[in-house]
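My notes follow the model below.

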Amino acid sequence: MSGIHTSTAAAAAPPPAMAGGPVRRLSDLLLRRRRLLLLSLLVPPLLWLGVVYLGALFTLLAHSLFSIDEFAGTLIYEPTLKTFGELMRPANLDIVLRTIAIASVVTVLAAVIGFPVAWYAARYARGRMKAAFYLAVMMPLWSSYLVKLYAWKLLLAKEGAIGWFADRLGLAGLLDAWLSLPLVGGPSLSVSYTGMVVVFLYLWLPFMILPIQAALERVPASMIEASSDLGATPGQTFRNVVLPLAMPGVVAGGIFTFSLTLGDYIVPQVIGTSALVLGQAVYMQQGVAGNLPLAAAFAVVPMLVMALFLTAAKRMGAFDAV
């Protein structure tokens, strides 16, 4: 019997090479020193973040401080604010203001449309209905970005489905009157700011609905009932109880919709007018004109805008709803 136990123990014991190998010794060392283990796990992603991501970002910022020789077309590697001064030219400043205005309109409309949907999901949807809600909200994100974009291009065309339905419902005159307006109109919905905003809303609306829905689910039902018991009207309850508590979710959704709209250049290139936005300006200055400093300066603008947006959002507690 003792021989059997001895042979079994010998079979179960790891080979000497494995027991005292470098891998085993390293494993024992990491288990004894937890900080070293944590450091070994964090070093690869931190290197990627620090070298690749931040390195590329600082390179971009550095190029925005350079200038370009207008005659030779070569870079002048001398720090200057001349390139940022070019952003103050009327044509370039118009691009900046136009992009911020479009992103702001999309964000506000997404909040107005998304809030009732999120309210229904948070307060009334249960079981299968809530699962269907999540499926309906997330399903547009599962299809190709370009497929959705060109599908909307066809829908918004003058001979598209939306124009056909407007004609059948007797709303063609109203649609033409809207398209004749100076800022929002154009030859057709597919060549107008209205069509651009509609497509942006379709693309980014889920990013507004989900944070608002998460914030509304954290609003205690007892507070709403107490407000009603104290004689508040539904409007007063919404303004004084629901909206302040849900505002972090609204701002969190605004972070997504505003930043995504601010940096997008494909939608304005396919749908919208010939007027440029920031993303298109960066693409054209870097790829077509070869003016890398001006492209970098344009790219710095949304970074500064988002830095201000995120600072205000943090003060409103929006990060608690992300």
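The entries below go from cavity and pockets to rings, then to helices and single residues.

**Ground rules.** The model is predicted, so I note that local features need pLDDT of at least 70 and side-chain atom pairs count only at pLDDT 80 or more, while totals for chains, interfaces and linings use all residues. Residues are numbered from 1 along each chain as its sequence is written, and side-chain values use heavy atoms, with hydrogens and water left out.

**Cavity.** Rolling a probe the size of a water molecule over the atoms shows where empty space is left. My terms rest on a 1 Å grid over the protein atoms alone: a cavity is a set of points where a 1.4 Å probe fits but cannot get out. A pocket is an open set with protein on both sides within 12 Å along at least five of seven lines, and lining residues have an atom within 4 Å of a point. Grid points are joined across faces, edges and corners, and a volume is the space filled by probe spheres set on the points.

How many cavities of 30 Å³ or more does the whole structure hold? I found one. The volume of the largest cavity is about 30 Å³. I listed its lining as T99, I102, F200, T261, D264, P268 and V277. Four of these residues are nonpolar, two polar and one charged. Here Ala, Val, Leu, Ile, Met, Phe, Trp, Tyr, Cys and Pro count as nonpolar, Asp, Glu, Lys and Arg as charged, and the others, Gly among them, as polar.

**Largest pocket.** Next I turned to open space. The largest pocket holds about 310 Å³. Its lining consists of D94, R98, A101, I102, V105, W178, L183, V184, Y193, T194, V197 and V198. I102 is on this list and also lines the largest cavity. Which helices each supply at least two lining residues? They are α6 (90-123) and α11 (193-217). Helices are DSSP runs (H or I, at least four residues), numbered from the N terminus. The largest share, five residues, comes from α6. By class I noted nine nonpolar, one polar and two charged residues.

**Second largest pocket.** I put this one at about 200 Å³. S259, L262, G263, L278, G279, V282, P302 and M306 line it. At least two lining residues come from each of α13 (234-263), α15 (278-288) and α16 (292-315). Five lining residues are nonpolar, three are polar and none is charged.

**Rings.** A pair of aromatic rings is described by the distance of the centres and the angle of the planes. Rings of Phe, Tyr and Trp (its six-membered ring) pair if their centres lie within 6.5 Å; planes under 30 degrees apart count as stacked, over 60 as edge-to-face and the rest as tilted. I counted ten aromatic pairs. One of them joins W164 and F165, edge-to-face, at 5.0 Å centre to centre with 80° between the planes. W164 is partly exposed, at 44% relative accessible area; buried means under 20%, exposed over 50%, and partly exposed in between (1.4 Å probe, protein chains only). Ring pairs also link Y145, W204, F207 and F256 into a cluster.

**Helix α8.** This helix covers residues 145-156, twelve in number. From first C-alpha to last I get 17 Å, close to the 16 Å expected at 1.5 Å a residue. That expected span is 1.5 Å times one less than the number of residues. Which residues of α8 are buried? They are K148, L149, W152 and L156. They lie on the same side of α8 because they cover an arc of only 100° around the axis. The arc is that of the directions from the helix axis to the C-beta atoms. Exposed V147 and L154 sit on the face turned away from the buried side.

**Single residues.** A297 and V282 are 15 residues apart in sequence and 8.6 Å apart in space, C-alpha to C-alpha. V282 also lines the second largest pocket.

K314 is exposed, with a relative accessible area of 59%. Its C-alpha is 8.9 Å from that of P248, 66 residues apart along the chain.

Last, I checked F133 in α7 (residues 128-138). F133 is buried, at 8%. The C-alpha atoms of F133 and A118, 15 residues apart along the chain, are 9.4 Å apart.
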